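Hi there,

Here is the structure I promised to pass on. Have a look at it first, and then read on for what turned up in it.

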Amino acid sequence: MEEKKYFLDTLRSTRRNGVESVIAGLEELGFFTAPASSNFHLNVDGGLLLHSNNVCREALALREKQIEMKPEVEVLLPVESVIIAALLHDVCKAEVYKKAIKSRRLPSGIYEKYEGYDVDYSAFPMGHGDKSVIRLLQWCLEMTDEEMLAIRWHMNAWNLPFQDPESKGSFSMAQLKTPLVALIIAADGLASHVLER
Ligand SMILES: [Fe+2]
Ligand SMILES: [Fe+2]
């Protein structure tokens, strides 16, 4: 499977301690066959894998462009960090979608059954980006502070209006600390809304 090969080859190219344990953990949770969502983008088997790869492709392309426009940011955006944060930002979703027979109303008024997904967060209700970081730490992946911040805060642009002042403050500081946060947010948005539309 091409997408799985891209994911594994790219992740292993970082030569980071813990990568093999992450891959084993992802296999166990069903990451490679999971959808990316229940009702929205890539809600098909393998959708989460494709989305993760797309975020990585976008993030690597954005990195090149930022360095072309501002060469001094190269040192702040190591390729391995971009790969780790992009490929692994959504590992929190690996076990939350369960196959289910659903029902929908057709324009004719008739209801039909189709194979979809239910969402079940009960296995480990630990949030989203924060859950991804914690899962990766459970699998003993060696990560820099910058990588953890980028994974932790990747959804925050969407959550900002609903957040408490402390979280808003931490998010601003995370963005000041490393451009990897902004890069992963941008790559996630472009993958979801351009490549996967
Ligand atoms: Fe996410
Ligand atoms: Fe994502």
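Asp-90 sits in the loop between α4 and β1 (97-105), and His-154 in the loop between α6 and α7 (156-159), so the pair ties together parts that are 64 residues apart in sequence. Helices (H or I, at least four residues) and strands (E, at least two) are DSSP runs, numbered from the N terminus. Both Asp-90 and His-154 are buried, meaning under 20% relative accessible area, with exposed being over 50% and partly exposed in between (1.4 Å probe, protein chains only).

Before the rest, two notes on conventions. This is a predicted model, in which local features need pLDDT of at least 70 and side-chain atom pairs count only at pLDDT 80 or more, while totals for chains, interfaces and linings use all residues. Residues are numbered from 1 along each chain as its sequence is written, chains are lettered from A and ligands numbered from 1 in the order in which they are written, and side-chain values use heavy atoms, with hydrogens and water left out.

Now the aromatics. The whole structure holds four aromatic pairs; rings of Phe, Tyr and Trp (its six-membered ring) pair if their centres lie within 6.5 Å, with planes under 30 degrees apart counted as stacked, over 60 as edge-to-face and the rest as tilted. Phe-7 and Phe-32 have ring centres 5.5 Å apart and planes at 85 degrees, so this pair is edge-to-face. Phe-7 and Phe-32 are both buried. For Phe-31 and Phe-32 the centres are 5.3 Å apart and the planes at 90 degrees, so that pair is edge-to-face too. Ring pairs join Phe-7, Phe-31 and Phe-32 into a cluster.

Happy browsing!
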